[in-house]
Amino acid sequence: MKVISSIHELRDQLRGQNRVAFVPTMGNLHEGHLSLMRLARQHGDPVVASIFVNRLQFGPNEDFDKYPRTMENDIEKLQSENVYVLFAPTETELYPEPQQYRVHPPTDLGDILEGEFRPGFFQGVCTVVTKLFSCVSPRVAVFGKKDYQQLMIIRRMAHQFALPTDIIAAETVRDSDGLALSSRNRYLQPAERAEAPRLYALLSELRDAVKNGQHDFAALEQAAMRTLEQHGWKPDYVAVRRQADLKTPGANEVEAPLVVLAAAKIGATRLIDNLEI
């Protein structure tokens, strides 16, 4: 595997490759990331990964400086998956000057749920993904469903800009107790890690309640929020939404494909998860 930090060198290395499958990451790789590499290989060749902790998507009080950076271990894991190239640019390589041109997702999708609680997050994501796509020129790119809203926004962005990159969705990878794998799980203290699976269990209960005909979504959401609070969580949201656009389903849309999403803090760690219905 070649580890490349220069955009110019990356383009030279990939010249003539028209079936590149790309997996962008922020590093601190776990089994969830590696499953993305395997899925990418099913849709293209060669597989290219990137590691870049993108300052633009972190808010002023978020964890940019302490976000785990584990490059040596990450390289070993990517080599074990036979990744062809790891693109690991520095900040000055990817942003040699202030990034004044930004990609703004539409407010009706970008400013709800995660966008409400992390202002500017999706603008930062869309901007860096657009720039990485420009560097890598992938035929396909793989993103995980754990970041459900992010996946939807990137897929729509690629469509509206007519980017020559198909967006592939990967199922969420979970630990044996149901906790969705995430780089931020390493922040959890032992007691918090024991409590963390409650988020998935609660989403499962909410999904089953909807399937069993309970359609007072607001009441279900409020009850789930109270349950989290009673167990020491600080929830941002629990929401039942339409899969098509993440809008609240109307009374006549209970049979439409739905998804239940949640974000909550346990201790200092913010976890997100979702389940399709």
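Predicted model: local features only at pLDDT ≥ 70, side-chain atom pairs only at ≥ 80, totals over all residues.
Reader: With which residue does Phe133 form an aromatic pair, and what is the angle between the planes?
Author: A search of the whole structure finds 6 aromatic pairs. In one of these, the ring of Phe133 is paired edge-to-face with a ring whose centre is 6.3 Å away. The partner is Phe22, and the angle between the planes is 70 degrees.

Reader: How many residues apart in sequence are the parts that this pair ties together?
Author: Phe22 belongs to strand E2, residues 21–25, whereas Phe133 belongs to helix H7, residues 121–136. Phe22 counts as buried, at 0% relative accessibility.

Reader: Which ring lies under the charged end of Arg118, and how far away is its centre?
Author: Aromatic rings in this model also meet charged side chains, and one example is Lys66, whose charged end sits over the ring of Tyr187, 5.3 Å from the centre of that ring. For Arg118, the charged end sits over the ring of Phe121, and the distance to the ring centre is 4.1 Å.

Reader: Why can the protein chain be called as compact as a globular protein of its length?
Author: The protein chain contains 11 helices and 9 strands. For its 277 residues the globule rule gives 19 Å, and the chain is as compact as a globular protein of that length because its own radius of gyration is close to that value, at 19 Å.

Reader: What percentage of the residues in the protein chain is buried?
Author: The C-alpha trace spans about 55 × 40 × 35 Å along its principal axes. The protein chain exposes about 13500 Å², of which carbon and sulfur atoms supply 48%. Of the 277 residues in the chain, the buried ones make up 53%.

Reader: Which element gives the most residues to the largest nonpolar core?
Author: The largest nonpolar core has 44 residues, and among those with the most contacts inside it are Leu10, Leu94, Val129 and Phe143. Several elements each supply at least two residues of this core, including helix H1 (7–14), strand E5 (140–144) and helix H8 (148–160). The element that gives the most, with 10 residues, is H7.

Reader: Where is Asn185 found, and which residues does it touch beyond four places away in sequence?
Author: Asn185 has its place in the loop between strand E6 (166–170) and helix H9 (190–195). With a relative accessible area of 14%, Asn185 is buried. When residues up to four places away in sequence are not counted, Asn185 touches Leu179, Ala180 and Leu271.

Reader: How far apart in space are Gly115 and Gln149, C-alpha to C-alpha?
Author: Gly115 is found in helix H6, residues 114–117, and is buried, with a relative accessible area of 7%. Not counting residues up to four places away in sequence, Gly115 touches Gly110, Phe122 and Gln149. Gly115 and Gln149 are 34 residues apart in sequence, and their distance in space, C-alpha to C-alpha, is 9.0 Å.

Reader: What is the phi of Asn28?
Author: Most residues other than glycine have a negative phi. Asn28, which lies in the loop between E2 and H2, counts as buried at 6% relative accessibility, and Asn28 is also one of the contacts of His33. Although Asn28 is not a glycine, its phi is positive, at about 50 degrees.

Reader: Which two residues does a cis peptide bond join, and what is its omega?
Author: Most peptide bonds are trans. The exception asked about involves Pro46, which has its place in the loop between H2 and strand E3 (47–51). The cis peptide bond joins Asp45 and Pro46, and its omega is about 5 degrees.

Key. Residues numbered from 1 in each chain as written. Heavy atoms only, no water. Phe/Tyr/Trp six-rings, centres within 6.5 Å; stacked < 30°, edge-to-face > 60°. Buried < 20%, exposed > 50% of the residue type's maximum accessible area, 1.4 Å probe, protein only. Lys NZ or Arg CZ within 6 Å of the ring centre and 35° of its normal. Rg over C-alpha atoms; globule rule 2.2 N^0.38 Å. Areas by Shrake-Rupley, 256 points an atom, 1.4 Å probe, with all protein chains shown as cover. Core = buried A, V, L, I, M, F, W, Y, C linked by side-chain atoms within 4.5 Å. Contact = heavy atoms within 4.5 Å.
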